[in-house]
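Q: Could you go through the charged pairs and the nonpolar surface of this one with me? I'd like to take them one at a time.

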Amino acid sequence: KQTLLPLLKEEVSSFIFPCKPAVQRPERRHMVMELLRCIPLLLFLLFVCGLDHFIFTVLSVIQNHSFIEYSYQASHHLSVNVMGTSLMAQLLRGTIGALNTSFESEMETSNLVCLPRPTRMTRQQYLNTCLPLGLLALLCLAQVYPFRLRRAIAAFYFPKREKARVLFLYNKLLRQRKNFLHLQHGRLARQARQPPELGTVLLRWCRRRWPRLRRFLRLKCTLCGTPETPQHQPCPNPDCFALYCESCW
C-alpha cells in the first residue's frame, strides 16, 4: 500500500501498476523481446513473397517469348499411264490403274501445351498470407494486460504465499532504499567538494539579482533532477545551494 511505503521516483519505474492503461517500463521490455521474435517470421514471409513474384516473372517471360508454332504441308500424287490398245495394255490399265492415288496433308502444331501458365497472387491472397503475422504482432502488444492478472489469480489461490511475497518485497525495498541513500550521500559529498560550473554560478547570480526571474530560471533537484516547483525544499545550510524535491527531501 502507498500509505505503508510511498515509492520514490526511481522505484516507480521498476513496478507494474495493473490499473494504468499505458504499457509500463518492465512490460515494455518483455513486449519488445516478443516483437523481436516476430522478425524472423516477417523476413521469411517477405522472402517467400519475393520468391513467388520472381518465379511468376520468370514463368511469364518464358510463356510470352518461348511460343513456337509449326506448320507442315505434304502432297503425294501417283499416276500410272499405260499406253496402247492391246489386251495386255487393257489388262495393265485395269490392274495397275488402281494404284493411282493423290494425297495432300496439312498440319499445324505448337508448343502451347508445354508452356507454363503462371497465375499472379491477388491482393486478397497476399493479405490473407500476412494477416496471421499481423495478428501475432497485435497479440504481442495486447498480452501485457492479461499477464497482469497472474498475480491476482495466484494471490486468490495462495494467500499465504502472497503475504510472504509482499513481506519480502517490503524488506527488499527497505534495503535498497538504505543503500540508495548511502550512495547518494557519498555522491553529494563528492559533488560539494568540486567547484561549481560557470553556468551554475551565473544562474545563481541572476536569481539573486532579479528575484522575479526565478520562475523562468529554475533549478533542478540535486538527487533526481526534476525541475524546481514550489514544493522543492532548499538546504537549511546557508552556504549550500542544494535544492531537493518533496520526495527526495
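What follows is a short exchange on salt bridges and a surface patch.

Q: What sort of model is this, and how many salt bridges does the structure hold?
A: This is a predicted model, and the structure holds 4 salt bridges.

Q: Let's start with R148: which side chain does R148 meet in a salt bridge?
A: The side chain of R148 meets that of E27, with 2.7 Å from N to O. The two residues are 121 apart and link distant parts of the chain, since R148 sits in the loop between helix 5 (144–147) and helix 6 (149–157), whereas E27 belongs to helix 2.

Q: And is R148 buried or exposed?
A: R148 counts as buried because its relative accessibility is 11%, and E27 is likewise buried, with a relative accessible area of 7%.

Q: Why would side chains like that pair at all?
A: In general, side chains of opposite charge can pair when their charged atoms come close.

Q: OK, what about E34, which partner does it have?
A: E34 forms a salt bridge with R37, and the closest N and O atoms of this pair are 3.5 Å apart. Both residues lie in helix 2, with a separation of 3 residues, or about one turn of the helix.

Q: Moving on to E162, where is its salt-bridge partner?
A: E162 forms a salt bridge with R151, whose closest approach between N and O atoms is 2.5 Å. This pair also links distant parts of the chain, with E162 in helix 7 (residues 159–193) and R151 in helix 6, 11 residues apart. E162 counts as buried at 14% relative accessibility, whereas R151 is partly exposed, with a relative accessible area of 43%.

Q: Which residues are joined into one network there?
A: Salt bridges with shared partners connect R151, E162 and R165 into one network.

Q: Switching topic, which residues make the nonpolar surface patch?
A: The patch covers about 730 Å² and is made by F44, F47, V48, L51, F54, I55, V58 and I62.

Q: Take V58, then: where is it, and how accessible is it?
A: V58 is placed in helix 2, which spans residues 25–65. Because its relative accessibility is 34%, V58 counts as partly exposed, and a patch residue needs over 30% relative accessible area.

Note on methods: Residues are numbered from 1 along each chain as its sequence is written. This is a predicted model: local features need pLDDT of at least 70, side-chain atom pairs count only at pLDDT 80 or more; totals for chains, interfaces and linings use all residues. Side-chain values use heavy atoms; hydrogens and water are left out. Patches are made of residues with over 30% relative accessible area and no salt bridge: like charges are joined within 9 Å, nonpolar side chains (Val, Leu, Ile, Met, Phe, Trp, Tyr) within 5 Å. Accessible areas come from the Shrake-Rupley method with a 1.4 Å probe; for residues, only the protein chains shown count as cover. Helices (H or I, at least four residues) and strands (E, at least two) are DSSP runs, numbered from the N terminus. Buried means under 20% relative accessible area, exposed over 50%, partly exposed in between (1.4 Å probe, protein chains only).
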